Amino acid sequence: MKAQVSIEKTIFFGLLINNLVFSWELLKLLVMSIAAQNLKYLRKLRGWTQEEFATKLKIKRSLLGAYEEERAEPRLEVLEVVSDMFRLSLDELLRKKMQDAKGSNYLAKRRAQKMAVLPNSIQLVPVKAAAGYLAGYGDPEFLDELNTFTLPMLAGGNYRAFEIVGDSMLPTPSGSVIVAEKIDNLESVKSNLTYIVVSRNEGIVYKRVMKNNKLKNKITLISDNTVFQPYTVNAEDVLEIWKAEMVLSKANVEQRWDVNQLANLVSNLQDQVTTLKRKMN
């Protein structure tokens, strides 16, 4: 009789352990699935490729792909980096689906944090986000995921920062960040000042703007580097315009001028001087 009871207990505890192991495996699969979905959602929210995100996490792209496709379990140290990057707790990352929390949890929390901690925060639009900005410049969710910073020397206002590339605005070097204040309409634009112009056809450009009283439906964009010719854009194509207030550039960066560019610059200056002399005479 005792032997039978002992066998029944063994069977009972064996089944209990098997159920616990099975439940634990199911829980792990569920957690891994949620983590995978969150990694993919957060990556796409920032507009990063798998290669870019993997570089930031210091792992191989193939490993990130395995995480997102639920073929591998994300390592704890990787999840900790993601948590710090997006200001999330591990509990939120592993148990809550970010995409299902739209507007009520993750995004709302991030928006509230920024409003509370950075009352006059400046959103930075890097070159890599330029294409996404053209599509999402009016989307609060896209804008909320841009990195932000503050500048105490600026008065209150609606500011944004744009990274620029190219030599068209030399001596302002390529890679500079232009901090600019939002202008509500083109009528407020003042000729010969520099602006960030966001338009449908030209994208995001940093130029000196000239208004033409005869052609009020167009503005002329001029480069400080005279090698580049001025051009006009239709006012109706301008999506946003921001008046440049500050230029942030890296220290100890030497300007590299192409010999042909220098020759063209000298030639253009000579032509301008000749034209001025003719007008004076």
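Reader: Which strand does β4 join through seven bridges, and how do the two run?
Author: This is a predicted model, where local features need pLDDT of at least 70, side-chain atom pairs count only at pLDDT 80 or more, and totals for chains, interfaces and linings use all residues. Residues are numbered from 1 along each chain as its sequence is written, and side-chain values use heavy atoms, with hydrogens and water left out. Strands (E, at least two residues) and helices (H or I, at least four) are DSSP runs numbered from the N terminus, and two strands pair if DSSP finds at least two bridges between them. With seven bridges, β4 (residues 177-183) runs antiparallel to β9 (residues 238-248).

Reader: Which residue in β9 is the bridge partner of isoleucine 196?
Author: β5 (residues 193-199) also pairs with β9, antiparallel over five bridges. In β9, isoleucine 196 has as its partner tryptophan 242.

Reader: Where is confidence lowest and where is it highest?
Author: pLDDT is the predictor's confidence in each residue, from 0 to 100, and the protein averages 78. The lowest mean belongs to helix α6 (residues 106-117), at 57, while the highest, at 95, belongs to β5.
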